[in-house]
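Here is a friendly walk through one model, meant to be read with the viewer open. Please have the sequence and the coordinates to hand as you go.

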Amino acid sequence: MRISIVVALFAVTLSPLSAMADTVELRLKKLEEAVLRQAEIIDRQQKTIEEMKLMLENGKTAEVRTSVDSSAKNSGFFGGSLMNNPYISLILDAKAQVSNLKNSALEGRGIPGFTSEGSGLRNGFNVDAAELLIFAPVDPYFNLYTNIPVNGDGAVLEEAYFVTTSLPQGFQLKGGRFKSNASRLNSQHPHAWDFAELPLAYRSFLGPEALGGENGVQLTWMPSLPVYTLLGVEALQGANPLLFGDDSNWGPHAFSAFARLSFDTGEESTLYLSPWAMFGKTRTSAVLAADETTGNSFDLRGDSRLYGLEAVWKWNSGPHKLSLQGEYLYLDQRGDLGETDPAGAMVKIEPLKRHQGGAYLQAAYHFNRFGVGARYDRMEIFADTFERSGAKQSFGGKPWRISAMTEYDFTEFSRIRAQFNHDRSDRDNRVNNEGILQLTFTIGAHGAHPF
Amino acid sequence: MLRIIVALFALVLFTAPADAAVKVVATLPWIGSLAKEIGKDRVTVTTLVKTSQDPHSIEARPSMIAAVRRADLLIYNGLDLEVGYLPILMESARNPAINPGNAGNLNCSVYVDPLEKPATASRENGDVHPLGNPHYHLSPANIKKMAIGIGERLAKVDQANAGFYRANTARFVAQVDHKMKEWKGRKLQGKRFVAQHRFFEYLAADFGFRIVGYLEEKPGIPPSSAHIQALVSSMSGHRPDAILSTEYHDRTISGFVSSKTGVKSVIVPHDVGANGSRDWFSLMDSVIKSLE
């Protein structure tokens, strides 16, 4: 090709000079230059192809790529994709409730002998809160998590805590404001519960939202064992209004210790066991409701020890999932019960001693996106006592409740659940038959839930 | 209580590892198989996901946390495929060695140029992977890069055996090249398939066939009947070679479409262990056989 151009060029130079030939010469020269340029480009490309082939053979590509900053593709903590700091997610938990009892009756409907607090649900539409979760690694040493439920009354700092990520030997320190991990159910967010509300035993001893966010510190240790083992202790301020209560004089007055054990009982099934304890100083006015005839209210000051034992078995085989779960809670509480008349004058102080227990058992089955479940709650299973001035108190028939639910997950980010409760927690008083429709939505970077 | 704690301490102290093998935790079977291929007897490999499980919907089990707690090297697919369980395992394991950014944390996807990276990632489009298609392991071009990446990382974590890992890597890469010549001879070029899920894109790129439609309208969301109707009528026109799905997918839809169109439905082995495959090579052999 190049030769023919040169020959042509030669012929042109030899030809007689004329204006016409001049332009032909110019055009040919330009053409030649263009062809040379293209040849050069092809040469270069051929070289690159050969180089790439060589690199691929020697496995250089991967090595070259190793040196490329890989942080942009790191999934990292929380499964975040790109460098998003912080991760944000919002969870809406909306409920509609219908009961045979009026709102006024539901509000003051406690569990006699345990708590005077109601369940918190009202007939009609309920939006407890939209939970705003903000979380991110702080640096290579800490992760920070916050949980801010926002509702009509404003925003609350339910949780805001750091967790260490680089302590050796399986130790981890957590501090700030957090939901105690002593009990697994206590640390779960409400939208992760298998039923619309907590078991009766939790409401009886800790209130409708369990212990809730507590200021404090936690130390956990996971020894390097073939079996999942986690041991932990916590020191908490003790603000829960039912089990502990604010103390105007002293600092942390609530403590917990817990152990978690889990092993697989087969390729597709897992057993989980956890004994736990919470103990501390109690100052509460939520144990006994005000006396209806005298209008006198009751305050308790004393010491409490709450023990729990939880067992969970999960079987997960393709589209089928089955979980069986049960827990027994036992309270040992003693102290002074102060009785105050409506004018605020102390009527009397008498010793109070109670040993009470309660348990629940539940089963849930899921097939693909569908789920069904049932739960049975019962208080006072064994010989429970509630003694005032050494005299045993009787509150009537034992509180119990039975619940059934069915749910459908549109995706892992949206769920609709219908639940029915036959609730006899108010002992011999009126039964509460209630239906709850619950809708849960998650947007943003919400990560996976722990076991 | 105290006695239990003392006993536990003793157990931990006296069962301190005498065996020096590198403890590798791999999320998926093909990753475990690759690590074993390169590490041989110098590594012990724990694989978290079973072949029969859908890798998208794995739940974290405490036994997985216990495995990650003891790991020297955690190797995973990345591109958010394990987003449902791996982050919680990393957060819970209290093992700084495998924290992101440390040598014990290997995200294999850093060696891949992801396909189908969406311009916008919104969940209204279903279970989209914002970083691109994460199913890149059925690709000889990618697996060579994975092998080199894993080999180099093992060499870094266990420097005493660096030469051993590099030699095994070189052998593996050479074997891929050798097998590739055989696979290239098979007639996949120009074939057209309809797939259940976006699982075969890298394989298609390597072998020159095309995925012309999907049973899933949006990833991870059951298809609407209108979508299936439209697919059936278009498939009756252009007659693709087969409908591809995997053993963990619900086969009722592929069966329905197959019966309506007469296009055969093929279960493609999706990971090591499927169809009795022992390693990545026998997996690829049966993948290619199933596509012929």
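The buried residues of helix H2 of chain B are covered by a set of elements that includes strand E1 (22–26), E2, E3, helix H5 (140–157), helix H6 (162–184) and helix H10 (280–291) of chain B. Contact here means that two C-beta atoms, placed from the backbone, lie within 7 Å. Helices (H or I, at least four residues) and strands (E, at least two) are DSSP runs, numbered from the N terminus.

This is a predicted model, in which local features need pLDDT of at least 70, side-chain atom pairs count only at pLDDT 80 or more, and totals for chains, interfaces and linings use all residues. Residues are numbered from 1 along each chain as its sequence is written, while chains are lettered from A and ligands numbered from 1 in the order in which they are written.

Back to H2(B), residues 29–39: ten of its eleven residues are buried, so this helix is largely enclosed by the rest of the structure. A residue counts as buried if 20 or more other C-beta atoms lie within 10 Å of its own, as exposed if 12 or fewer do, and as partly exposed in between, with C-beta atoms placed from the backbone. Among the buried residues of H2(B) are B:Trp30, B:Leu34, B:Glu37 and B:Ile38.

Two packed helices are described by the angle between their axes and the distance between the axes. Axes are lines fitted to C-alpha atoms, for helices over the stretch in contact, and angles run from 0 to 180 degrees between N-to-C directions.

| Helix pair | Axis distance | Angle |
|---|---|---|
| H2(B) and H5(B) | 10 Å | about 60° |
| H8(B) and H9(B) | within 9 Å | roughly 40° |

H2(B) and H5(B) are therefore oblique to each other. For reference, angles under 35 degrees count as roughly parallel, over 145 as roughly antiparallel, 65 to 115 as roughly perpendicular and the rest as oblique. H2(B) passes H5(B) in a right-handed crossing; a crossing is right-handed if the near helix is turned clockwise from the far one by less than a right angle, and left-handed if anticlockwise. On the H2(B) side the contact is made by B:Leu34, B:Ala35, B:Ile38 and B:Gly39, and on the H5(B) side by B:Met146, B:Ala147, B:Ile150, B:Gly151 and B:Leu154. By class, these residues divide into seven nonpolar, two polar and no charged. In this scheme Ala, Val, Leu, Ile, Met, Phe, Trp, Tyr, Cys and Pro count as nonpolar, Asp, Glu, Lys and Arg as charged, and the others, Gly among them, as polar.

The axes of H8 (residues 225–238) and H9 (residues 252–261) of chain B cross at roughly 40°, which makes H8(B) oblique to H9(B). This crossing is right-handed. H8(B) contributes B:Ile228, B:Leu231, B:Val232, B:Met235 and B:Ser236 to the contact, and H9(B) contributes B:Ile253, B:Val257, B:Lys260 and B:Thr261. The contact has six nonpolar, two polar and one charged residues.

Now for the sheets. Four strands of chain B form an open, parallel sheet in the order E2-E1-E3-E4, where two strands pair if DSSP finds at least two bridges between them. Strand E2 (43–47) and strand E4 (105–107) of chain B are the edges, each pairing on one side only. Neighbouring strands of this sheet are turned by 20° against each other on average, direction ignored. Three bridges link E3(B), residues 73–76, to E4(B), and B:Leu74 stands opposite B:Asn105.

Another open, parallel sheet of chain B has four strands in the order E6-E5-E7-E8. Its edge strands, E6 (210–214) and E8 (265–267), each have a single partner strand, so one side of each is left without a neighbour in the sheet.

Which residues cover the two faces of E7(B)? B:Ala242 and B:Leu244 lie on one side, B:Ile243 and B:Ser245 on the other, and all are buried. E7(B) is joined by three bridges to E5(B) and by three to E8(B). B:Leu244 stands opposite B:Ala195 and has B:Val266 as its bridge partner in E8(B).
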